[in-house]
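Dear colleague,

Please find the structure below, together with its sequence. My notes on it follow.

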Amino acid sequence: MSAMPLLLVHPGTHGVAMYAQDMAAAVRAAHPAIRIVSPDGLDAEGGRTPVHVHFTDRLWGGSPEEAAAAFAALAASRPVSVTLHDVPQASDGERNLPRRRAAYASVAGAARGVVVNSEHERALLVEEGVWSGPVVSIPLPVALLSDLQRMPPDRSVGVLGFFYPGKGHDEAARAAAAAGIPRMTVLGRASDGHAEELEAFVRGAGALGVEVEVTGWLEDAEIARRGRAVSVPVIAHRHVSASGSLASWISWGRRPVAVRNRYMDEMAALRPGTLRTVDEPGLAVAVREAFEQPDSTWHDLTRLPMAWPEAADAYVRWWDGLDA
């Protein structure tokens, strides 16, 4: 076996940071000799031991350029492999897309190996002119809760995760209004810098006749409880890289209604029966049907492909082959 890397994880509650923390813990559960290090602790690690990181520009810097420069500085000091998150795509907009393309191209070019979390993202890298070199896809893992007891439905449409434009809240609110469901639950808080937009969204939904509850940040047990209580889980975001929200819904036993796209089709094939995909024009009808048929919003599976131990093993096999 070649040298296993240090696992660099950022502290805090950013979604990618939390995923990196969880993945590092899963890897160490099977391979305790592999060490975890924070960005601040990396300087104390002597030599040129390889390191694996999880990269999204918003976690690594205040701008795509700053994030790419931070990664380049690390890659100049030691071999670095990377998992790319939030892969650049058209929904980034005319201003941000070229900057994010350039940043991700710089990161992929400086890395000793590149991972993404879906075949969809692997295709995006090529389609957006970011990277056409070797890439491995390791899907986001899902672990079912040990307690999948159903909660009494709260008669709301639920959207999970940080609020930001394009996350699908507008689409879900319009679908709820058209379906005659006057309540919506936003499970989470505004992403940094988007608090005013969240307030505007709540006002806009109210004008449609949909009352919105924003839960704010919730601990794992409470968000799982609330996620099991919403009547209809909905995923409708336009900016789709890989969806931690989908993984969470599935882990809680839920079968969300999801607007169809290449990523959702891929996940439906990976874990059959765990989501209902619909074209966007049919979202309101599907939401109403799910509201009237609560059993359809649960998948009732007890075993799923690609759990955390499987994903951890996939990483270890990949690292082992990087120097082969």
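Predicted model: local features only at pLDDT ≥ 70, side-chain atom pairs only at ≥ 80, totals over all residues.

Residues are numbered from 1 along each chain as its sequence is written, and side-chain values use heavy atoms, with hydrogens and water left out.

Searching the whole structure gives nine aromatic pairs (ring centres of Phe, Tyr or Trp, the latter by its six-membered ring, within 6.5 Å; planes under 30 degrees apart are stacked, over 60 edge-to-face, the rest tilted). One of them joins Phe163 and Phe201, a tilted pair with 5.7 Å between centres and 35 degrees between planes. Phe163 lies in the loop between strand S7 (157-160) and helix H6 (169-178) and Phe201 in helix H7 (residues 195-207), so the pair ties together parts 38 residues apart in sequence (helices, H or I of at least four residues, and strands, E of at least two, are DSSP runs numbered from the N terminus). Phe163 counts as buried at 6% relative accessibility, and Phe201 does at 5% (buried is under 20% relative accessible area, exposed over 50%, partly exposed in between; 1.4 Å probe, protein chains only).

Strands form an open sheet, six in number, in the order S9-S8-S7-S10-S11-S12 with parallel pairing (two strands pair if DSSP finds at least two bridges between them). Its edge strands, S9 (211-214) and S12 (276-278), each pair on one side only. Strand S8 (residues 183-187) is joined to S9 by four bridges, and Thr185 stands opposite Glu213 in S9.

Yours sincerely
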